[in-house]
Amino acid sequence: MVIKLKETAISSAVAVAIVVTIAAGGLAAGLFVGHFSSSPPIEQTQVKSVSAASAPYQLVLVITTNNFYNASVGYQPAFFVLSNGTLESSANITIPANTKIEVTIINYDDGNGTVAPIYANVTGTLNGKETIVNNTNVNSTYGNDQIVVNGSEQVSSVPVNNIAHTFTIQNGSKVLLNIPIEPSSIVQATFELGPGTYTWQCEVSCGSGPTGWDGAMNTAGWMSGTVTAE
Ligand SMILES: [Cu+2]
């Protein structure tokens, strides 16, 4: 009995699909061959191109801690690109040029470095802002800095002593993009880059050595790398 019901449901669904296909084909033929043939199906082409242009490109970066660097340095934090469910190297990040990029940075690290005050400001993003989705744990009310986080919070800067890492792109001394990232937080921002290859760098001294600028900080795929917009 059950099997028979399923069969009936499937065959009627197929029948409906065939009818719809024939109807759509007839409509399209009418538009092209009928007396509307001098004007193309404007509605359809416009809808397609607008939705494609306005959809931002999704870039997801993940910062993990305790990545083995080498025997003398030990473990270091590192940026990765989340791609099809896999953490891939952040050494050379490729994005489309002149396109809205919606970047989500998932940071599992609390950080232990210092940063120059200029990098406390959000720079180069839509409205000069970033959204901190959460700054300690999912469902927490207070983050480490005692900022109340109810779901998410839009900020144009982050307290300088509460930045674990940054995702920063500079052209010489000009800051093109700066996204400060709070400890154990998820940060979202939208930006756009013209074509070219840029250097990205975390500006928090989260690496090894006396200044914290060795190890991860000066190694591509850890706390620096390139961004190619093409
Ligand atoms: Cu860092």
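1. Of the 230 residues in the protein chain, 27% are buried; a residue is buried if 20 or more other C-beta atoms lie within 10 Å of its own, exposed if 12 or fewer, and partly exposed in between, with C-beta atoms placed from the backbone. The model is a predicted one, in which local features need pLDDT of at least 70 and side-chain atom pairs count only at pLDDT 80 or more, while totals for chains, interfaces and linings use all residues. Residues are numbered from 1 along each chain as its sequence is written.

2. Over residues 1-51, pLDDT stays under 50. For that stretch the model has 4 contacts beyond four places in sequence, two residues being in contact if their C-beta atoms, placed from the backbone, lie within 7 Å.

3. The protein chain contains 2 helices and 12 strands. These elements are DSSP runs numbered from the N terminus: helices are H or I and at least four residues, strands are E and at least two. Along the sequence the pattern reads α-α-β-β-β-β-β-β-β-β-β-β-β-β. Among contacts in the protein chain between residues at least 6 apart in sequence, 66% join residues at least 24 apart.

4. In what order do the strands of the open sheet stand? The order of its 5 strands is S4-S12-S11-S8-S9, with mixed pairing; two strands pair if DSSP finds at least two bridges between them. Strand S4 (92-95) and strand S9 (174-181) are at the edges with a single partner strand each, so one side of each has no neighbour in the sheet. From one strand to the next, the twist averages 25°, where axes are lines fitted to C-alpha atoms, for helices over the stretch in contact, and angles run from 0 to 180 degrees between N-to-C directions.

5. S8 and S9 run antiparallel and are joined by 7 bridges. Ile169 has Leu177 in S9 as its bridge partner, and Gln170 stands opposite Val175 in S9. The hairpin of S8 and S9 has 2 residues between the strands, and Gly172 there takes a positive phi near 65°. S8 also pairs with strand S11 (residues 196-201) in the antiparallel sense, over 3 bridges. In S11, Thr199 stands opposite Gln170. Of the 7 residues in S8, 5 are buried, so the strand is mostly covered.

6. Trp200 lies in strand S11. Is Trp200 buried or exposed? Trp200 counts as buried because it has 22 C-beta neighbours inside 10 Å. Leaving aside neighbours within four places in sequence, the contacts of Trp200 include Phe167, Thr168 and Ile169, and also Ser224, Gly225, Thr226 and Val227. The C-alpha atoms of Trp200 and Ala220 are separated by 9.2 Å, with the two residues 20 residues apart along the chain.

7. The largest nonpolar core has 34 residues; such a core is a set of buried Ala, Val, Leu, Ile, Met, Phe, Trp, Tyr and Cys residues joined through C-beta atoms within 7 Å. Those with the most contacts inside it are Leu61, Val103, Ile105, Phe167, Ile179, Ile181 and Met223. At least two residues of this core come from each of strand S1 (57-70), S2, S5, S8, S9 and strand S10 (186-191). Not counting residues up to four places away in sequence, Val103 touches Leu59, Leu61, Gln188, Ala189 and Phe191. In soluble globular proteins, nonpolar side chains tend to be buried together.

8. Ser185, in the loop between S9 and S10, counts as buried because it has 28 C-beta neighbours inside 10 Å. The C-alpha atoms of Ser185 and Asn107 are separated by 5.3 Å, although the residues are 78 residues apart along the chain. Asn84 is placed in the loop between strand S2 (74-83) and strand S3 (86-89), and counts as exposed because it has 5 C-beta neighbours inside 10 Å. Its phi is near 50°, a positive value in a residue other than glycine. Asn98 lies in the loop between S4 and strand S5 (101-107) and has a positive phi near 50°. With 9 C-beta neighbours inside 10 Å, Asn98 likewise counts as exposed.

Technical notes: pLDDT = per-residue confidence, 0-100.
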